[in-house]
Amino acid sequence: MKHLILGTAGHIDHGKSALVRALTGIDPDRLEEEKKRGITIDLGFAHLDLGGDLRVGFVDVPGHERFVKNMLAGVGGIDLVLLVVAADESIKPQTREHFDICRLLGIQKGIVVITKCDLADRDMIDLVRLEIQDLTRGSFLADAPIIAASAKTGEGLDDIKRELRRLGQEIVERPLRLPFRLPIDRAVVMKGFGTVVTGTLIAGAIRKEDEVEIFPLGRRARVRGIQVHNAPAEIAVAGQRTALNLAGIESGEIERGMVLTAPGLFHATTQLDCTLNLLPSARPLRNRARVHFHSGTAETIAEVALLDTKELRPGTRGYAQLRLAKPGLYLPGDRFIIRQFSPVVTIGGGMVLDNQPARHRLSDPAVAQFLSVMEKGSEEERLEALVRGAGEATIAMLTARTGRTETDLAELGRALQAKKHLLLLDQPPSVLIHADHFQYLADEVVKQLEGFHRTNPLMSGISKEDLRGKVRDTHKRTPSSVVFNAVLRQLETERKIDISGETVRLAGREIALSPEEAAARTQIVQAFESAGLAVPAASDVLAGLKIDRARAEKILQMLLKEKVLVKVAEDLIFHSSALGRLREILMRQKTKSSRINVGIFKELTGLSRKYAIPLLEYLDRERVTRREGDERIIL
């Protein structure tokens, strides 16, 4: 079944709720005060099956100017609008404001209904029709049907239903493949159930027993039960009015404006890069002006940082960064409304382009170019721009930035990899990097190795981790180990570097020792080899060389890396052959007994405790022995 959400719009007392009641048989006014005063104060809900597997959920909004913020909480998730104009009053201030809000939110489909036709003659109705045509000229409602109706007599109701069926076939269903999002418009405690939240599911699907995350709280809860249009359900899908019974959280912790979504995918934000359209009726908007911000069911104060001008003129548009007083969950493509700080009137709106931006300088051409791609580019172009801007980006980070699934992002990434724009790294793919950025890092690795070899001619190479710590990407950041290792593999394939274990060097690089350095190397090796297990202090060996201490230290480090020498403790270095003979001694001892203690070890080796204890600890680390109390077991 196809599910759509319809929102009403129009001036107070123009018959919006009465029309919904007449169409659906459901009274959307749920509050006692609404029934007493005869006006809608908060959001009301109803639904209508139109046949042909089409169900429409109605969101009835208040028309009074004092309740526009409640209207905005309901109109954000609708697919089409029912713009209501009373035949006996025609177009009024809230008619215009609601119509402006619908245009700013990018609503594409709708019907105009002239209500209360039983209170006006045909001439008056025709005059109202002309005024509506003048209002909607050049807008998404320019060619929309204008239907005269009466909730009292039933006139026009069948025509409205017929048009709704027609529009329902034209409107594309909301995507089910995306992670689910439910902006909360109500949170209550129901006796026998506990915490219940309601909202319009704007993307994805949710099932009973699913775990959800509540933004911006960061709290998690479990879906104990689901109702769709007041009927129990196992699953709710995008486009449905949904009520969820949540376990693990109190209703007092939840409020309108929060969002439920799949856990661990997204991040709350207080900064949004966006397009901003200012209404012709608005005052000029200065840089750093404070406004009321409305998106989905959320409302907060925002500071508007204009990015391409110091003042936005009425009727114009530009790029801006909104700095929000309260964090929230917003994704690219989300629409919003801004209202003047005081007096509170609607002045504009726009669309989110980037939900995790840095702060920008005014009139930065790079920012304008990036935002232009995010606004007008294809899905591939937008993904490439995000990855280029980040240098490298994990799939998880891109999901948080785009709202797309990991599967979709990997598919887009493969298409861009085929065009040699991006590279997908790891299996399964977890990191994307721009091809230009990857080449920059490869060049940096070679540059750092060249510098290392110049300043360390006696060292065969540098450890991978030390090299990674020296390399910086275009953002002056250290590359991740996944990216760095991919760069090393590529350079090794191109025969530009050699990798030996954890050591990296330029391809073909050999250590060329001078005659005096070669003599020093031989002297060091002989000193430790001839000492057996009763080795001298390394400082004493180096002090007896005929080269300076710095070069002597580097030759010693070279021998340690080549594993000719082995450091057993901080001040104890042994020749590898001596340690090999020690292993042979222990293997012979094992034929007699697999257990030894410090005393037996000293007898076997002829060593003092100074050497015995560090050597036994070394043998434990090497798993030649295993300590049990005061004894060792020879393995």
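This is a predicted model: local features need pLDDT of at least 70, side-chain atom pairs count only at pLDDT 80 or more; totals for chains, interfaces and linings use all residues.

**Entry 1: a strand trio**

I began with Ser-463, which stands opposite Thr-503 in strand 29. Helices (H or I, at least four residues) and strands (E, at least two) are DSSP runs here, numbered from the N terminus. Strand 27 (residues 462-463) runs antiparallel to strand 29 (residues 503-506), and two bridges pair them. I noted the rule as well: two strands pair if DSSP finds at least two bridges between them.

Which residue is the bridge partner of Ser-500 in strand 29? I looked, and the partner is Thr-503. Strand 28 and strand 29 are antiparallel and joined by four bridges. They make a hairpin with two residues between them, and Gly-501 in the turn has a positive phi of about 60°.

**Entry 2: ground rules**

Residues are numbered from 1 along each chain as its sequence is written, and side-chain values use heavy atoms, with hydrogens and water left out.

**Entry 3: how the chain is divided**

I looked up the domains, whose bounds come from an automatic or database domain assignment. The chain is split into domain 1 (2-170), domain 2 (181-261), domain 3 (269-369), domain 4 (370-432), domain 5 (436-506) and domain 6 (518-537 + 548-634).

**Entry 4: where domain 1 meets domain 3**

The centres of domain 1 and domain 3, taken over C-alpha atoms, are 28 Å apart. Domain 1 gives 10 residues to the contact and domain 3 gives 15 residues, where contact means heavy atoms within 4.5 Å.

The size of an interface is often given as the accessible area lost when the parts come together. For domain 1 and domain 3, the buried area is about 1,100 Å², with 64% of it on carbon and sulfur atoms. Buried area is the accessible area (1.4 Å probe) that two parts lose on being put together, summed over both.

How many salt bridges does the rule find across the interface of domain 1 and domain 3? I found one. The rule asks for a side-chain nitrogen of Lys or Arg within 4 Å of a carboxyl oxygen of Asp or Glu. I also looked at Arg-339 and Glu-97, which form a salt bridge with their closest N and O atoms 2.8 Å apart.

On the side of domain 1 that touches domain 3, helix 3 (68-75) and helix 4 (93-104) are the elements that give two or more residues. By class, that side has six nonpolar, one polar and three charged residues. In this scheme Ala, Val, Leu, Ile, Met, Phe, Trp, Tyr, Cys and Pro count as nonpolar, Asp, Glu, Lys and Arg as charged, and the others, Gly among them, as polar.

**Entry 5: salt bridges beyond that interface**

By this rule I get a count of 44 salt bridges. One that I looked up joins the side chains of Lys-419 and Glu-380, at 2.7 Å from N to O. This pair links distant parts of the chain, 39 residues apart: Lys-419 is in the loop between helix 10 (406-418) and strand 25 (422-425), and Glu-380 is in helix 8 (residues 379-390).

**Entry 6: other strand pairs**

Strand 7 (residues 181-190) and strand 15 (residues 259-261) run antiparallel, joined by three bridges. Leu-182 stands opposite Leu-260 in strand 15. Strand 7 also pairs with strand 8 (residues 194-200), in the antiparallel sense over six bridges, and there Arg-186 stands opposite Thr-198.

Further on, strand 30 (residues 565-569) and strand 31 (residues 572-575) are antiparallel over four bridges. They form a hairpin with two residues between them, and Lys-567 stands opposite Ile-573 in strand 31.

Most residues other than glycine have a negative phi, and most peptide bonds are trans. I therefore jotted down some departures from that pattern.

Phe-215 and Pro-216 are joined by a cis peptide bond, with omega about 0°. Pro-216 is in the loop between strand 10 (211-215) and strand 11 (219-228). Another cis bond runs from Gln-427 to Pro-428, with omega near -10°, and Pro-428 lies in the loop between strand 25 and strand 26 (431-434).

Arg-495 is not a glycine, yet has a positive phi of about 60°. I found Arg-495 in the loop between helix 13 (481-493) and strand 28 (497-500).
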